[in-house]
Structures are given as structure tokens and as C-alpha cells.
Amino acid sequence: MARTVYISGAHSGSNPSPGLGTALSLREAFADIRLIGVDYSTASTGLHHPVFDDAVVTASWDQIDMSAHLEFVAECVEPADTWWFSGLDLEAAWLAANQLGDRVLVSPPGTFEEVAKPARGVAEAMSLALPSSTSSSDPNGLDLSFVDKYGWPLWVKGRNYEAFSVSGWTALHAAVVALERSWGLGVVIQQHVEGAEESIAFAARGGALVGAVAMRKLATTAEGKTWAGEVRPLPIRETQQLAAYLARVDWHGGGEIEIVRRTSDSRRFLIDVNPRFPAWIHGSTQANGVNLPAALVDSSASGRTARSRFVRVVTEIPMRDELHLQIPSTGIGGQPGAAGKHPSAMPQLSRRLAAQTPAPRPESVDEGVAAVLEEVAQRATATPFEVFDYQGLATTLESVALRSSEIGLIPALSIKTNPDPQILSIARGAGWIAEAISGLEVEAATIAGWPAATVVLNGPAKAWPQTDTSLPYRAVFYDSVAELDAARERYANASHLGFRLRPLRAKSRFGVDCSSPPELKEVAVRMLDLAETSSAASHIHFASSTIGLRAWASEVEANLAMVCALERLSGQRVRLIDVGGGFSPIGLSEFLSRQAGELVDRVRACLPSVEEIVFEPGKAVLAPHGYVVSRVLFRSDDDLYIDSSLADLPDTVSLRRPVYVRRDKGWIQLPGGSGQVFGRSCIEEDIVARGLHVADLQSDDLLVFAYAGAYDTSMRYRFASAGLPIITA
Amino acid sequence: MDLHPSEISSHGGACCEAAQDWLVALATSANPDGGASPHWIGQHIEWGPVVWPTFWCRLLDSPEGDCGVHAAVAAYTCKTLGATVRRVQLMLDYPRQEVAHWNRTWERSDSITRWTDGTQCYHETVALGEAAIQIPDASEPIIWTGRQDGIVALRIVDPDGEGTVDWEARDVLLNEWIALDAD
């Protein structure tokens, strides 16, 4: 009987499985081999390829009888010289757990836990760094400090399949919910590493390495899938490391290690480990001559080892009518058909496996936090209810002012963050200056007792009817040359006049785009003009919550170089710099203890004429002092309904908001999960929180939404609002 | 061939220093992870003919330049960002029709045209790294890896250095033209 190989995972689309490439490589080595494609829906297009002698489509994983399927696989590999190549991660894991013998080419069960993200064992064995990661189910892991540290974009990855690059909390939570609902196995949030993508494909039998190649991606699809690559021999040291690791875990079958070589320092990071061949495996066979699938069934098969390149092409082939496979049609409105996105039905298998996994167990918060939450809850005489801790705020503002003074910074409170008169009064008393973006805010600053000389004016259009342009404001920043030209009157008595400069990398409509030489030169001309009455100043403002602190710091550094260019072109020395948007509640104390000093040093080194450095950490200081107390109305599976709404908690974008629930034994923070928290209004978008594990909550549970003291207050709107009563502490 | 890597001239005053600051600002912003990739340059300085000698301040009047301008900008900004930078000269093999197109474009300007010869083209970029180097292109977002990229020969220029550097697992002698054989 001819050598026979069953190959599962045969889909050939924009996100292909490795089955077709594996089959093509085997056919290239063994003309008389019998190849049978296996998949779990008729949407698997690769089954129609003539490389397959036959095809088997079984029931989808949500309908399959596991024991019957196991018997089928066992029968398939019963004859001598018959093999099963799994091209599906979860199928491989399931087969491994059921141990059907050596001719089912999957590794021992423990290997699959070893290679699950983050695969520390593989990283250590191969001398690779690991990107920092956290789990969505860890309430303390996916917090502001993780985003502060690594910035956007981040990767949201399923345990076995699928990954999304996200650049904001809304996208992150949507990705967590989508992945958890699709796969049900928990989600990993991973640092993005900028660099070139590489891979190692390998084959091993019973722990013995039979071949390996290195591949560098030359072109990828929008999903990041390989479209062209350069294959070359794996260097000797890495081959030795790989062989030692595979022997240790008794690897059996194909595999792939995905790597990113960081641009900044060429350091290599482990991104993923797959317990199967990659979909580009036939590219290696074709370009490099190393036929790893063939080597698995016949170790005498060998090939060249020169470096060479491959590219993927798209072509059409006739459908094989004799297989009687009906491809599910595209649904109404262009939606994918039932098996459209995952034709091998892996989400269904994943959910079946996940059903056997225990739900995340939330842990109690520490005593200090619990005491604050209990006090907040005690003050809430009804729900929903807002509690603002003015005393705590006063302490924070005084401490920030003191530290700022020590290192040469001037803290400015952006009134828009929370224009509560009591807050403004506390800030003024603590020695802060004010930043206003409207005439009404200037009035609020005046009422709070700030003289004009302690008020900075910002915003994209300052022709406010309420504003007295003759006052000696501390600084006024024009958002554009057009705004300056359109001004009904110039702020001629302002101590400092200047422009807001647009971030160079991040997208923003605000500020002057000095990456354009004509605009750069125009700003220089206007600086000379403004110098007739006032000293020169410059402002950069961009929310670090949208790009991450590291990118924000890089933008500030770039801005300093740009101001140098402006000084040289205009002949004017900048005397005041205003920096905004780079501060989070958790990161502020670290900024003040370390980075702030570095910022001051950098400014003084680059721009020695600068006398004042203003910074605006309003959100960072105010948010932690506000809470909204709410109550669960009811729960429907993963959807929780509460008696508050988006109108009460509108700032769902800029902060990861911890949510706490009171239990008999104390307070716990809700861990991550696939749940969503809906407000009680009739607004379609009334989703107060996403990506939380809510399955343990029930009607009347008391919730506290933290970090609600900044824009949640100033952006609160009347439509569908509960009209929150506020407790003043 | 004894061509020296292209150098952009300076008027020695604020006009050229401002242009250099502008370029450093763009480079800093494009490398938020602390690296020194030059791949941003082609987005801000359009590739095309330029009249040599050229000056830094001309980049503010007309942000255009050939590979020599791109490589000189890369060398300046990458060094300012803290990277170890060496200039790289390459001879590349290109399809005849593509070269003919470039010849015609350059002939229409007042620029030098002797950077092509048949199917071969002279090109410049930079190498980053100390003992082990990468050769990113300063005009396009690609990294040069060897003969399969169309490289016929290259020279890594380091006036103060000698010996070899490791490029893609090859030992490459500094300051010498090296012909690349097919692997």
C-alpha cells in the first residue's frame, strides 16, 4: 500500500492553514504518496487542490462527537506507513491529549502548555527576549501602568489564534471581548515590538531535530501573514539550541517559532510558537530546497541549504465536483458565511475546551483601597451617586506643586478637566496656575482668584467674546497661523506669545505642522512679528493615553529640536515652554520623581533661554479623587445592566477604569473577561465598561467606578443622566 | 571606482543649522523606541534628481534629493540619535527598462547622470551598528541582505576604521569594494 498522509487544516485564503503547503512539499518529494486533506467545514478551499488524492470533511467542532472522531483518526493511522499531519493548533493539542501513537505527528501534551503565550521555556532555550505581556483576566495586570510603560499600539492575542493590534482603550476592550467570545480561552495583552519579522520552521521526530530553516518576512498581508520571505539555513548555534530544546520536550512533528528583530537594537523577541508547520512551509521547500514535511516521514529526504526567496501568488483552480463540497455562500449584506472566517471551525473547538477551564477568580483588594471604597459607598445615600474627595485632592495638589517647584516646573490646571469651583479654588491655593480654552474658563479662573498673569490661554480658536484681550496673560498660544491672522485683536499684553506645534508622529488636527518646511518657515516669520510685544513661547500637547508615554516623550524631544530650528530661523529665543498631555494618574509620581528632572535638563540643554516650563497634569491629579457608585440592575449572560449610564461616566476612552464590587468579605476588583457593562439609557452606545468578567454579579450588587474625577465630570451630559448628587468631603 | 560618499555642504550659519534641527526633530519623532532607523527620510525628502553640491538649507526650500542626499541625512540624524553609523556604497543590478526611465528623468534635470551604466546603478545608504551591522536603505523601507537583493558589490566606508564587520553572517572588509557572489 502506498504511503499515506492525512493532512488537516487545508484552507487556502488570506489567512491560510499549512495543510496545502505541507501537501505540496510531500508531493514534491514522493510522487506516489497518497495525500488526503482533512478539514472541518466545506469552506476549506484548499481541499479542492489537485495535490490531494482525496478529501475528508467531518462535522464542525461544535457538533462533532469527540470519541467518534478520535476513533476515526486512530483508524486512519492504523495501517503501516500512514501519518496524520495536524495543521490546526487546537486539533493538535486535542490529539496530543489523547495519545494515538507516533504516526500522529503531535508532541506530548505538556509541550502545548509550554508553548502557550508567553512561551518562557522556548525564549530561554533560544536566547530570545520576551515582549512584556499581561492577561486580560488579571485585574492588576492590565492597568494604566502597562499602557503607560509600553504605549500604543499593543497586541491583543488569543491564546491560540488571532491577534489584533489596538491603539486605544476602546479598541482594546472591543478586541478582548471579540476574542474571548470567539475563543473563550482568555486573552493575552502584549507589548508591540517594532522591527523585522522572522521565523524558524522546524521538524522533529521523537525529540530528534530532523531539519530547520530561518525565514525573514519580506512582505506581509494587512493581517501580518507572510506573502514573501527569504529562507536561509539556521545558524549553527541556534540549531544546537533548538535541538536541545526539542529533545527536552520530546517534540514530535512540525513547528514554528515567530520572532521580531527590534529595529532599535537588533534584539530578538519571541512572539509566538506554533505546534505545527507554518503556512509558508512550501516556500521553504521551493526556495531553499529544505523539505521539512518530507523529512518528517522519511528522514533520508534532504535538500539544499542556500539562501533564497519565495513569494506567494493567487490563482484559481477548478472545484473538485467529485468531492461534493458545498462552499457556504456569502451571507446577506456581505457578511461572511457561517464558516467564513474560520473554516476549520477552531473557535468552536476552542469554546468546547474552554468550557472545561475554570473562570478567573477575583482577589480581594488591599485593606487601604478597601477602606476608601467602603467610605465612598457609605457616603452614597442612593445610587447612582458621585463622590469626590476634595481633601485628598488638596493633598495631591500641594505635593505636586512642592515637587514641581523643586525641579523647576510650573504646574497648570486645565480648567476643562473639571471646572468645579471648589477644585479651582483648591488648586489656586496650592500654588498652581490655570490653563483655559474658552472665555467661560477664563471667567472661572478669575472667580477662583487667579490673576491674568497666572493664566495660560490655549485652544484652537480664541476669539472669545467674554475675554479681555488687553490683560497680561502669562502666555497665549495660537493653534495656527490662520488663527493668528483671523484674531480680532492680538493679546498684545501677554507676557509670552507663541504657537502650539503639532506632534510629528501622532495624528492630530491641532497645532502647526512643522514637518512641512513652508509652515515651519511661516511660523518663524510670525514669531519675529509677535516678538514686538511679547517673549516667545512654544506649546506641545498630545494625550499620552492615545500614543503611550514613551512615544509622548519622544514627541516632546522632537518638539525641542523643532523649537531649536524655529529659534534659528526667527532669531528669537523662546522663554517659555508649555508641555501637556503626558501624564496619567499612576505615572505622575514616577514622572515627577525621575522623568521631570530629565525633561528640565533636556529643555535647558536644547533651549538655554527658556525661563519657565509649564506642565499640565490635570487629568492625572483629578481622576483618582472621583468615584461613581452604582448598582447592578440585572445580568443577561455576559451583559450587565446598571443604574448609571454613559451620561454619568462619559470618559470611557482615555482611562482604564478599575471597577470594584462589594462582597460580604470585602471589596474585589472585577477581573478581565468578555463581559460588557451597559448603562440604563436608551443610547445605542451606552456601554460603560467592556472586557470585564461579570458572570459572578447579580442584581443589587454595589459597584464603584474609580478614576471618575476628571473628564467624567466635565463631559457629563444631561440627556439620560441620573443627575448625580455629589458628596463633598 | 573611487567615488566618495555624498556630503551635503553647509553655509556655516543658522540657515543650515535650522535645517539640521528640523531633520533631527523628524528623526526623533520617527524613532520613539530609541532606535535610529532612517526609513522616515523618504517620506519627507522626495527621491529625485538634485544638483550637486547641495546645502542643508536647500532641504527647507525644496525637500527633494537623490540617494546621496538621503544617505547623508541618514548619517547625520542617526549619529545625532546616538547610533554608530558608517556610509555604504553599493552597485545594484536593475532591469534595463527601469534604468532607462531613471536616465531620462535625470537627463531632464541638470543633475549628474553617471550613476548608471547599463543595468548597473550606483547607490548609497548607511550601515548601523558596531561590529555587527544592518544596512537599512535610506530612501526606501527595506533592509539590504545580500546578492539576492540585486547587490553586485558594496563598500562600507569608515575612514577611521579597519578590519571587518559582520553583515548578515558575512565578514565584510571595511573601506574595500566587495563583490557579492550568488549564494
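The model is predicted.

**Chain A as a whole**

Begin by selecting chain A and displaying its C-alpha trace, which spans about 95 × 60 × 50 Å along its principal axes. In cartoon view, the secondary structure of chain A comprises 22 helices and 31 strands. Of the 729 residues in chain A, 57% are buried. Among contacts in chain A with a separation of 6 or more, 67% join residues 24 or more positions apart.

Colouring by charge brings out 65 positive and 84 negative side chains in chain A, two sets whose centres lie 4 Å apart.

**The contact between chains A and B**

Now show chain B alongside chain A. The contact draws 31 residues from chain A and 29 residues from chain B. About 2500 Å² is buried between chain A and chain B, with carbon and sulfur atoms giving 57% of this area. Between the two chains there are 6 salt bridges. For one salt bridge in detail, select A:R568 and B:E17: their side chains meet at 2.9 Å, N to O.

Move to helix α15 of chain A, residues 439-448, and select A:E441 within it.

**Two cis peptide bonds**

Select A:T383 and A:P384, which are joined by a cis peptide bond with omega near -5°. A:P384 sits in the loop of chain A between α12 (367-379) and β15 (385-388). In chain B, select B:W52 and B:P53; the peptide bond from B:W52 to B:P53 is also cis, with omega near 0°. B:P53 belongs to the loop between β1 (46-47) and α3 (58-61) of chain B.

**Two positive phi angles**

Return to chain A and select A:D637, in the loop between β24 (626-636) and β25 (639-642). Although A:D637 is not a glycine, its phi is positive, about 55°. A:D637 is exposed, with a relative accessible area of 64%.

Finish in chain B at B:N175, placed in the loop between β11 (170-173) and β12 (178-179). B:N175, likewise not a glycine, has a positive phi near 65°. This residue, B:N175, is partly exposed, with a relative accessible area of 26%.

Key: Residues numbered from 1 in each chain as written. Chains lettered and ligands numbered in written order. Predicted model: local features only at pLDDT ≥ 70, side-chain atom pairs only at ≥ 80, totals over all residues. Heavy atoms only, no water. Helix = DSSP H or I, 4+ residues; strand = E, 2+ residues; numbered from the N terminus. Buried < 20%, exposed > 50% of the residue type's maximum accessible area, 1.4 Å probe, protein only. Contact = heavy atoms within 4.5 Å. Lys, Arg positive; Asp, Glu negative; His and termini not counted. Charge placed at Lys NZ, Arg CZ, Asp CG, Glu CD. Buried area = accessible area lost by both parts, 1.4 Å probe. Salt bridge = Lys/Arg side-chain N within 4 Å of Asp/Glu carboxyl O.
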